[in-house]
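Reader: I would like to know what stands behind the labels used for this model. Please set each label against its cut-off.

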Amino acid sequence: MLQRLRHPLVAVVLTLLLTLPWVYTWSSHGGHVAPGAPYSATLTVAIAGFAVLGSAFLLAWGAETAEKDVPRAFAIAVLAVLAVAPEYAVDALYAWQAGSLEGTQRGADAANLAVANMTGANRILIGIGWSAIALFTVYRAGASRDPAVEHREGFLRNAVSIDRDLSVEITFLFAATLFAFVVPFSMASVNGGGAAGGIGLLDTAVLVGMYVLYIAIIVRGDVEEPDHQVGVPAYFQSFPKPARIAVVLVLFAYSGTMIYTAVHPFAMGLETIGIENGIPEFFMIQWIAPLASESPELIVVAYLVNKARSTAGFNALISSKLNQWTLLIGTLAVVYSIAAGHLGALPFDEKQVAEIWITAAQSLFALAILSNFEITMREAVALLVLFVSQVAIEFAVIRLYPEALAEAISIDILYAYTAVYLVLGGYLLITRRHELVGLFARTGTTAREAIRPHEARPEGAD
């Protein structure tokens, strides 16, 4: 009997059971538990949260199973898109409202919320995701014997090595980050003073084009021998190829549907609870909602790290950042234009200009850290402390000062932290310029091999 309970399908069934209460709630109440009843928001958060948890495991199992048939980077990229799909849905909702209410104050507010939600999600992914997962990887290394963790003498000197095959993702992130610095200038001259900047269709073409080129490169990669799997992925990988592919598609489709439908009510429930307890709505939409929508991704990565697969975990984190920093930004202008009924750009105010610049600066600092293909505990702590302190200080300002004064002070805080990120990132890029050149050279080699796969690999590419 005990042996039967250890069968991989038992784990799959138990995980599916976590999602079933949400399936019932979604189909019968439209995603809310007895709307208007006491504790409705709390129950919605609990039921949707369990569905997100279960779906994250199903998604991870699907990605690990798929590694037997497609390049690992492509499987992880699909996982990343599905895991952060709710973030796209939330941002698209605000962008649609901004377009349909174009020219009104409500439309302008919705546009600012779309940008705030996007920048919040991107900063959470690095400030909490990259840093906390690096620290968790080092913490778990004693039990999991993760080969990616290097133990060094000194305080917080241990480091997590990053697979050099991630050079393509890092390079494209560099390009998207540099482009993000100029996004606020896109509409500065066409808004008649009504907004400080905007995300236009030119931005869409550049950013989405970057992501399409990235996918075109990684999908042509070789199918590597998958890591030794145990449990559910090993069981599914033992299936004949047609059945294995069918299982992967079902796992992706089901988990993607659950995540897509559950995360928004999960986030809205958290927002309701927060607002009821005196937390400003804008703060909730910028930080709490994105944190909820990023939770599937963080759960998947923590699962991979727990299996001593930190390389795949960081691949997922970096891939998620790339698709959010390209596709997510790029699609906002498209949704806005469709809702407005004409070609246009999603406008935003001065506060969101500062939000975009600090997000780009944080990204630059994080990429400078990874330029030598490792992240030390000191660097992870620096990312975490900078992120948490900025959010905490801004929250305190919002609670202590009137709205107009609080916004002015918040903008100054954002610019100050932007300067800190740029100084730290610039210093690392200068001191690691040789590693940076090697990173870009490796990406060039990978791109050429994707275009001309039979071309000989130059010596010293590594």
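Author: What follows takes the labels one by one, for a model that is predicted.

Reader: What is the protein made of, and how much of it counts as buried?

Author: The protein has 16 helices and five strands. Of its 462 residues, 53% count as buried. Among contacts between residues at least 6 apart in sequence, 81% join residues at least 24 apart.

Reader: Why is α7 called roughly antiparallel to α8?

Author: Helix α7 (residues 167-180) and helix α8 (residues 201-218) pack at an angle of about 175 degrees, and their axes are 11 Å apart. Angles over 145 degrees count as roughly antiparallel, so α7 is roughly antiparallel to α8.

Reader: Which residues make the contact of α7 with α8, and of what kind are they?

Author: On the α7 side they are Val168, Glu169, Phe172, Ala175, Ala176 and Phe179. These meet Asp203, Val206, Leu207, Met210, Leu213, Tyr214, Ile217 and Ile218 in α8. The residues of this contact divide into twelve nonpolar, no polar and two charged. Asp and Glu count as charged, and Glu169 and Asp203 are among the residues in contact.

Reader: What makes β1 and β5 edge strands?

Author: The open sheet has three strands in the order β1-β2-β5, with antiparallel pairing. Strands β1 (149-150) and β5 (374-376) each pair on one side only, and they are the edge strands.

Reader: Why is Gly200 called buried?

Author: Its relative accessibility is 10%. Buried means under 20%, so Gly200 counts as buried. Gly200 lies in the loop between β3 (197-199) and α8. Leaving out residues up to four places away in sequence, Gly200 touches Ala333 and Ala345. The C-alpha atoms of Gly200 and Ser337 are separated by 9.2 Å, although the two residues are 137 apart along the chain.

Reader: Why is Phe252 called buried?

Author: Phe252 has 11% relative accessibility, under the 20% cut-off, and therefore counts as buried. Phe252 is found in helix α10 (residues 241-276). Its contacts, not counting residues up to four places away in sequence, are Leu59, Gly62, Ala63, Val78 and Leu82. Phe252 and Ala60 are 192 residues apart along the chain, and their C-alpha atoms are separated by 9.0 Å.

Reader: Which residues have the most contacts inside the largest nonpolar core?

Author: They are Trp130, Ile199, Leu346 and Ile375, in a core of 131 residues. Leu346 touches several residues beyond four places away in sequence, including Ala95, Val115, Ile199, Leu332 and Tyr336.

Key: Residues numbered from 1 in each chain as written. Predicted model: local features only at pLDDT ≥ 70, side-chain atom pairs only at ≥ 80, totals over all residues. Heavy atoms only, no water. Pairing = 2+ DSSP bridges. Helix = DSSP H or I, 4+ residues; strand = E, 2+ residues; numbered from the N terminus. Axes fitted to C-alpha atoms, helices over the stretch in contact; angles between N-to-C directions. Parallel < 35°, antiparallel > 145°, perpendicular 65-115°, else oblique. Contact = heavy atoms within 4.5 Å. Core = buried A, V, L, I, M, F, W, Y, C linked by side-chain atoms within 4.5 Å. Buried < 20%, exposed > 50% of the residue type's maximum accessible area, 1.4 Å probe, protein only.
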